[in-house]
Amino acid sequence: MGAVLGVFSLASWVPCLCSGASCLLCSCCPNTKNSTVTRLIYAFILLLGTAVSCIMLTEGMETQLKKIPGFCEGGFKISVADIKADKDCDVLVGFKAVYRINFALAIFFFAFFLLMLKVKSSKDPRAAVHNGFWFFKIAAIVGIMVGSFYIPGGSFTSVWFVVGMVGAAFFILIQLVLLVDFAHSWNESWVSRMEEGNPRVWYAALLSVTTFFYVMSIIVVGLFYTYYTKPDGCTENKFFISINLILCIVVSIISIHPKIQEHQPRSGLLQSSVITLYTLYLTWSAMTNEPDRSCNPTLLSIITHIASPTMTPANSTVIVPTSAPPSKKGHFVDAENLLGLAVFVFCLLYSSIRTSSNSQVNKLTLSGSDSVILGDTNASGANDEEDGQPRRAVDNEKEGVQYSYSFFHLMLCLASLYIMMTLTSWYSPDAMFQNVTSKWPAVWVKITSSWVCLLLYVWTLVAPLVLTSRDFS
């Protein structure tokens, strides 16, 4: 009897899965706007795909993947010293599965990016596809995933690696914009509270957070020089750390320059401190992909070394723990990649719940016009209650969308590629697929992204001075 009731309970969700987001999550968040609910569902789909990708890297799942007919043929073959190849399969099937899963997600979101171009309001028929038909969309993703597992390796893997590296680099820039937007919103909130209440308390809080970020940055730089450089080597790492440290100092000074403050009084050191930390994260991420193992210790080994330091003479060089070669079994997620996943999850969720009143992301067309945000919210909510119907998420996009549908899907497409590269540690297969290694292109992609991020942030500061005829308020 319980099973029958369970079937009928599940069947009651079928209409919701085939309709809009307002029905799908009506019991969970009854007062939520439709624009927010839809983005949260898409974010959940991407997070679910990320979780499945992580599971594919576990040793038990790799054993099951090797049983798939033909899956061990082609793809990532490994030939690493001190690692014995599996007699039944010498393909790194976990990485191969991650490539296929994120290929399906990227293709799905890219198709929706093209489909949702020029959607202006929820009255557009395509908006119904964006906000509803969840059963069919999830079924399409699963279908593409299943089909992708039968794509032969070889050239597909090489091409998709290049696509993934480029897409991940662009998503790194999007993460910067979202972090700047978050810091800007945080700063705006505190300034507003200063004007309403006791300004001394909020000034102290703002100063404390900013100081904390800069102190963390100084500590991180010190750790970089200690563990990622050597007196007689690691020249590239010394250059990366030094040049980015200088650039971060310059950016911080620019943010508080009188001319900048005159045109953008709300810009300040809080945003610059966030950018500094993110730039140092990108610097560290680049160094973790350096092929020279002596200049590339693992995060776990550094933490272990700090927690239990060995007694060494004062004039001796610190022994830097080196990274182990890529493991064939039980890879799962490296400690270095966990931080990247954490930043990704934060940016993804923030992009899903943010309001279009934040100006930084609006400039990159993530949001529509602010004038249509609250126009029909109260009226729609009232009608639902008067009709005696279950309260659902409010359709607040009848007069205009509150974010660019197409750009949101493009962001998710790039995020899929970023996850693919992160979970596979940006390892590159060689032409004959005999090994997977960290190579310099991945290092330069990341370090160049850090420079572009700083340049982009500086442009947001100086743009009002250069383009005087344009309104940046």
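This briefing walks through a predicted model of one protein chain, topic by topic. Residues are numbered from 1 along each chain as its sequence is written. Because the model is predicted, local features need pLDDT of at least 70, side-chain atom pairs count only at pLDDT 80 or more, and totals for chains, interfaces and linings use all residues, while side-chain values use heavy atoms, with hydrogens and water left out.

**How confident is the prediction?**

- The predictor's confidence in each residue is called pLDDT and runs from 0 to 100.
- Across the protein chain the mean pLDDT is 74, and 68% of the residues reach 70 or more.
- Helices here (H or I, at least four residues), like strands (E, at least two), are DSSP runs numbered from the N terminus.
- Residues 356-388 have a pLDDT below 50, and beyond near neighbours in sequence this stretch has 66 contacts in the model; a contact means heavy atoms within 4.5 Å.
- Residues 430-434 also stay under 50 in pLDDT, and the model gives them 11 contacts beyond four places in sequence.

**The disulfide and other cysteines**

- How many disulfides does the model have? The count is 1 disulfide, where the rule asks for a pair of cysteine sulfur atoms within 2.5 Å.
- A disulfide is a covalent bond between the sulfur atoms of two cysteines.
- The partners are cysteine 234 and cysteine 295, with sulfur atoms 1.9 Å apart.
- Their torsion about the S-S bond is about -90°, so this disulfide is left-handed.
- Cysteine 234 sits in the loop between helix H10 (199-227) and helix H11 (235-255), and cysteine 295 in the loop between helix H13 (269-287) and helix H14 (299-307), so the pair ties together parts that are 61 residues apart in sequence.
- Cysteine 234 and cysteine 295 are both buried; buried means under 20% relative accessible area, exposed means over 50%, and partly exposed is in between (1.4 Å probe, protein chains only).
- Cysteine 248 is buried because its relative accessibility is 3%, and cysteine 453 is buried with a relative accessible area of 0%.

**The salt bridge**

- The count is 1 salt bridge, defined as a side-chain nitrogen of Lys or Arg within 4 Å of a carboxyl oxygen of Asp or Glu.
- Aspartate 124 and arginine 126 form it through their side chains, at 3.2 Å from N to O.
- Arginine 126 is partly exposed, with a relative accessible area of 25%.

**The nonpolar core**

- A nonpolar core is a set of buried Ala, Val, Leu, Ile, Met, Phe, Trp, Tyr and Cys residues joined through side-chain atoms within 4.5 Å.
- Which residues touch the most other members of the largest nonpolar core? They are Tyr42 and Tyr278, in a core of 99 residues.
- Helix H9 (residues 155-196) gives the most to this core, with 15 residues.
- Leaving out residues up to four places away in sequence, tyrosine 42 touches several residues, including Phe108, Trp134, Phe408 and Leu412.

- Ser301, Ile302 and His305 are the buried residues named in H14.
- They cover an arc of only 100° around the axis, so they lie on the same side of H14; the arc is that of the directions from the helix axis to the C-beta atoms.
- An α-helix has 3.6 residues a turn, so residues three or four places apart point the same way.
- The buried residues of H14 pack against H10, whereas the face turned away from the buried side carries the exposed residues Leu300 and Ala307.

**Single residues to look up**

- Serine 148 belongs to helix H8 (residues 134-148) and is buried, with a relative accessible area of 1%.
- Beyond its neighbours within four places in sequence, serine 148 is in contact with Arg100 and Phe103.
- Leucine 114 is in helix H6 (residues 93-115) and is partly exposed at 46% relative accessibility.
- The C-alpha atoms of leucine 114 and serine 406 are separated by 6.7 Å, although these residues are 292 residues apart along the chain.

**Two positive phi angles**

- Most residues other than glycine have a negative phi.
- Lysine 118, not a glycine, has a positive phi of about 70°; lysine 118 lies in the loop between H6 and helix H7 (125-131) and is exposed, at 67% relative accessible area.
- Phenylalanine 133, also not a glycine, has a positive phi of about 55°; phenylalanine 133 is in the loop between H7 and H8 and is partly exposed, at 37%.
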